Amino acid sequence: MGEYRSKDWQGAATSVRDRMDFLYNNTDMADLHILASDEQWWWGQTVKDFTAHRLVLCAASPVFHQLFYPAEGGPEVPSCLSVAQTSDSGVIKVEVDGVPPIAMEAFLEYCYKDRFEKSDFENGYSRNLLWRLWQAAKIFKVKHLFQLCSEALEGTLCDETVFWDLNYSLVYQEYGTEKMKKRVASRIESLENSLYEHPNLIWLESNAIREILKSRVEGNSEPVIILNNIIRWSLYKLDQNLCDDVDGKKDADIPLEHRIRVVQQIKEKQIKEYSRDDIYKYLDQVLDLVPFEEMSQKDFLHHVIDSDLLDQDQLVAVCRKLMQKVVENPERLHKSVYAMRTNPATTYSPFTKPLANAAFHITKPNLDVAHSPQAAEKHGCANQITESSQEILDHRDDGDLKGQLRPRPSIKTSLEQARLRRTQETRKIEPEQTSETARSSLLLVE
């Protein structure tokens, strides 16, 4: 028996909306119990019962109408929606799987009250809710609600929401999220380093991380920052308390050296019961897309060579690529691709470029040896590359290369150098030339 909540509520109502508002979540005349559940929902209740009325839901959704009043040619009832049982009183229990209770509640409020407030969806929690309400509207084929959700998603997209938007646009591709994916990709590209340093990065799924790395433009962000935060993501997925706070630093402010040390401790079973397989369950999902070859050679030697993050074959492959880049452009010794793009302060003059090429000459490993993992290990290919790299760094530190990387000389300096060379050549070739003729030649050069 329903609860008697008000005297003459029908007569007191001044509109259909007022009458429907009174029926919302009211057992009076209710003939439905809806059990909404989603065990993957992180933001609150995962299971909840709702009281509803068939008339209201059938009037709002063609899917519910087809569920209770099936007709040939009607819309397909999705597998997530099913009738569980019917009581002796005629109340039907309906189970809705994969729709969190908070989204089902928002859906029912729309059906009973026409309620949808765009301002309700302005933070991370509500962004998740908005996407789940968008999903419910799509599943139940409520076109107007779906349109409202789509407009809200597009109108409120910003730097803070791109993480949720990327996740859901990948999960719900079957519902048509291509337009949103393109907008998210454009926004992500503009964030550069801040994308990886953002606290919300850890909420992304592995497929979203891979999407970011695969679509990334070369030189768009600093590879050391990318590596640091990819490890941050992996550690968080394994255990939310790992590297949570280090000397008062949090999130992206924790240095890469510390995170690599934690990974090594996990591999050595020094942290809880975790092992190498536990952390590489997550690292292996994304590590292959980290742009190691865009690092400066110095950073690669400092952070990666001895970290044991990469296996032998991967290490040799990256070393060969990186060494080739340094041979082609010696600035890559101390500069990443990102650093060169954002701060190209050093240039080569015609006088120093040949010297730089000679100083940075490195004997290339035999390609046949490098392409064979067994031969590479036998001949010490990786060690050869590493030792050559370290030798360059040692020379750099000793000051042998200080003269090669400098600003382009002025025209006055170049002319002076040319005059001195001409003087020396003149003395060697024409020793009998008179001093008056020599002075004329020098004046001509000047």
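Biologist: Why is Trp131 called buried?

Modeller: Trp131 has a relative accessible area of 1%, and buried means under 20% relative accessible area, with exposed set at over 50% and partly exposed in between (1.4 Å probe, protein chains only), so Trp131 counts as buried. The structure is a predicted model, in which local features need pLDDT of at least 70 and side-chain atom pairs count only at pLDDT 80 or more, while totals for chains, interfaces and linings use all residues. Residues are numbered from 1 along each chain as its sequence is written, and side-chain values use heavy atoms, with hydrogens and water left out.

Biologist: How many aromatic pairs are there, and what makes the pair of Trp131 and Tyr168 stacked?

Modeller: Rings of Phe, Tyr and Trp (its six-membered ring) pair if their centres lie within 6.5 Å, and planes under 30 degrees apart count as stacked, over 60 as edge-to-face and the rest as tilted; by this rule the count comes to 20 aromatic pairs. The centres of the Trp131 and Tyr168 rings are 5.7 Å apart and their planes stand at 20°, so this pair is stacked. It links distant parts of the chain, since Trp131 is in helix α6 (residues 124–139) and Tyr168 in helix α8 (residues 162–171), 37 residues apart. Helices here are DSSP runs of H or I with at least four residues, strands are runs of E with at least two, and both are numbered from the N terminus.

Biologist: How do you know whether Tyr168 is buried or exposed, and what makes its pair with Tyr172 stacked?

Modeller: Tyr168 has 12% relative accessibility and therefore counts as buried. The rings of Tyr168 and Tyr172 have centres 5.7 Å apart and planes at 20°, so this pair is stacked. Tyr172, at 7% relative accessibility, counts as buried. One aromatic cluster is formed by Trp131, Trp134, Phe146, Tyr168, Tyr172 and Tyr175.

Biologist: Why is the contact between Asp38 and Arg132 called a salt bridge?

Modeller: A salt bridge is a side-chain nitrogen of Lys or Arg within 4 Å of a carboxyl oxygen of Asp or Glu, and the closest N and O atoms of Asp38 and Arg132 are 2.5 Å apart, so the pair qualifies. Asp38 is buried at 7% relative accessibility, and Arg132 is buried with a relative accessible area of 8%. A search of the whole structure finds 17 salt bridges.

Biologist: What makes Lys267 and Asp308 a salt bridge?

Modeller: Their side chains meet at 2.9 Å, N to O. The pair links distant parts of the chain, with Lys267 in helix α13 (residues 256–267) and Asp308 in the loop between α15 (297–304) and α16 (312–328), 41 residues apart. Lys267 counts as buried at 19% relative accessibility, whereas Asp308, with a relative accessible area of 48%, is partly exposed.

Biologist: How do you know that strand β1 is paired with β2?

Modeller: Two strands pair if DSSP finds at least two bridges between them, and 6 bridges join β1 to β2 (residues 47–52), the two running antiparallel. In this pairing Ser37 stands opposite Val47 in β2. Strand β1 also pairs with β4 (residues 92–97) over 6 bridges, in the parallel sense, and His33 stands opposite Lys93 in β4. Of the 6 residues of β1 (residues 32–37), 5 are buried.

Biologist: Why is Arg276 said to lie over the face of Tyr280?

Modeller: A charge sits over a ring if NZ of Lys or CZ of Arg is within 6 Å of the ring centre and within 35 degrees of the ring normal, and Arg276 lies over the face of Tyr280 at 3.9 Å from the ring centre. The charged end of Arg54 sits over the ring of Phe68, 5.9 Å from its centre.

Biologist: What makes a set of residues a nonpolar core, and which residues have the most contacts inside the largest one?

Modeller: A nonpolar core is a set of buried Ala, Val, Leu, Ile, Met, Phe, Trp, Tyr and Cys residues joined through side-chain atoms within 4.5 Å. The largest has 106 residues, and those with the most contacts inside it are Met104, Phe107, Phe140, Leu227, Phe292 and Phe300. Helix α12 (residues 223–238) supplies the largest share of this core, 9 residues.
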